[in-house]
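Subject: Structure for you to look at

Hello,

Here is the structure I said I would pass on. Please open it first, then read the notes below it.

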Amino acid sequence: VKEIEQYYQSFMQTPGKMMFFMLLVVALCIGVCALGLQNGIENITKKMMLALIVLMAVMAVNSVMLKGSSKGLSFYLIPNLENVKKRGLGNVIFDAMTQAFFTLSVGMGSMEIFGSYLGKERKLTGDVLVLDTLIAFVAGIIVIPACISFGIRPDAGPSLLFITLPNVFNHMPSGTLWGMLFFVFMSFAALSTVIAVFENIISMSMDVFG
């Protein structure tokens with residue numbers, strides 16, 4: 001546990017490394033966008049998302065099969081009305097709406113940009129319900145039962161991803177493999193988000209400057 005935390009903290013204190021990887025991601029995403037909408041963004045994102053869905057399905061099954069995962073599933077799927085009462089119904093609804101706006105990328109305009117490229121026969125609501133909601137639901141099945149199984153708080157924030165979950169994988173059979181797959185899927189998700197942000201900027205620049 002301490003080794004992983006020390007590595008994470010030391011990495012966060014080396015701006016040179018973080019700058020290098022940030023520039024690498026920016027260059028990679030610019031390269032994808034430069035290939036164009038269909039040859040670049042659509043082609044590459046489709047492949048990444050298909051790989052992501054397969055990885056998530058395998059990891060969800062693995063997570064559910066962990067010892068004690070039933071408690072995690074209950075925590076995740078069964079509403080706790082006492083907690084709702086403590087938090088306040090209005091605050092719970094506000095939290096849910098905040099999450100919805102974030103995950104649908106409404107604030108940064110990704111839905112508007114990519115929605116404008118779709119034909120009128122396509123409905124964004126269907127894609128959102130099937131893909132976005134389903135993937136978010138499966139992500140919860142991957143993370144929360146694993147946390148509960150190993151006695152880890154599922155609301156640990158950023159450290160959950162980079163400190164807690166690696167320690168979870170350390171205690172799992174073939175943990176190195178599952179950990180590698182998990183961070184590959186996280187990289188896919190992050191790259192698709194950055195590509196969406198860049199396409200927004202590129203589309204706006206083309207409209208404004210011709």
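What share of the 210 residues of the chain count as buried? The value is 28%, where buried means under 20% relative accessible area, exposed means over 50%, and partly exposed lies in between, with a 1.4 Å probe and protein chains only.

This is a predicted model, in which local features need pLDDT of at least 70 and side-chain atom pairs count only at pLDDT 80 or more, while totals for chains, interfaces and linings use all residues. Residues are numbered from 1 along each chain as its sequence is written, and side-chain values use heavy atoms, with hydrogens and water left out.

Overall layout

The chain has 10 helices and 0 strands. Both kinds of element are DSSP runs numbered from the N terminus: helices are H or I with at least four residues, strands are E with at least two. Along its principal axes, the C-alpha trace spans about 55 × 45 × 30 Å.

V32 belongs to helix α2, residues 15-34. V32 counts as buried because its relative accessibility is 7%.

Pocket and cavity

Both terms rest on a 1 Å grid over the protein atoms alone: a cavity is a set of points where a 1.4 Å probe fits but cannot get out, and a pocket is an open set with protein on both sides within 12 Å along at least five of seven lines. Lining residues have an atom within 4 Å of a point. Grid points are joined across faces, edges and corners, and a volume is the space filled by probe spheres set on the points.

The second largest pocket holds about 960 Å³ of space. Its lining has 24 residues, and F75, Y76, V92, A96 and I144 lie nearest its centre. Two or more lining residues come from each of α4 (69-77), α5 (81-87), α6 (89-103) and α8, with the largest share, 6 residues, from α6. By class, this lining has 14 nonpolar, 6 polar and 4 charged residues. Here Ala, Val, Leu, Ile, Met, Phe, Trp, Tyr, Cys and Pro count as nonpolar, Asp, Glu, Lys and Arg as charged, and the others, Gly among them, as polar.

The whole structure has 1 cavity of 30 Å³ or more. The volume of the largest cavity is about 80 Å³. Among the residues lining it are M59, I142, F169 and W178. Helices α3, α8 and α9 (158-170) each supply at least two lining residues. The lining of the largest cavity has 9 nonpolar residues, 2 polar and no charged.

Surface and salt bridge

I53, L129, V130 and L131 make a nonpolar surface patch of about 370 Å². Patches are made of residues with over 30% relative accessible area and no salt bridge; like charges are joined within 9 Å, nonpolar side chains (Val, Leu, Ile, Met, Phe, Trp, Tyr) within 5 Å. Accessible areas come from the Shrake-Rupley method with a 1.4 Å probe, and for residues only the protein chains shown count as cover. Helix α8 (residues 124-149) gives the largest share of the patch, 3 residues. I53 sits in helix α3, residues 37-64.

How many salt bridges does a search of the whole structure find? The search finds 1, a salt bridge being a side-chain nitrogen of Lys or Arg within 4 Å of a carboxyl oxygen of Asp or Glu. The side chains of D95 and R87 form a salt bridge at 3.0 Å, N to O. D95 is partly exposed, at 34%, and R87 is partly exposed, at 45%.

Regards
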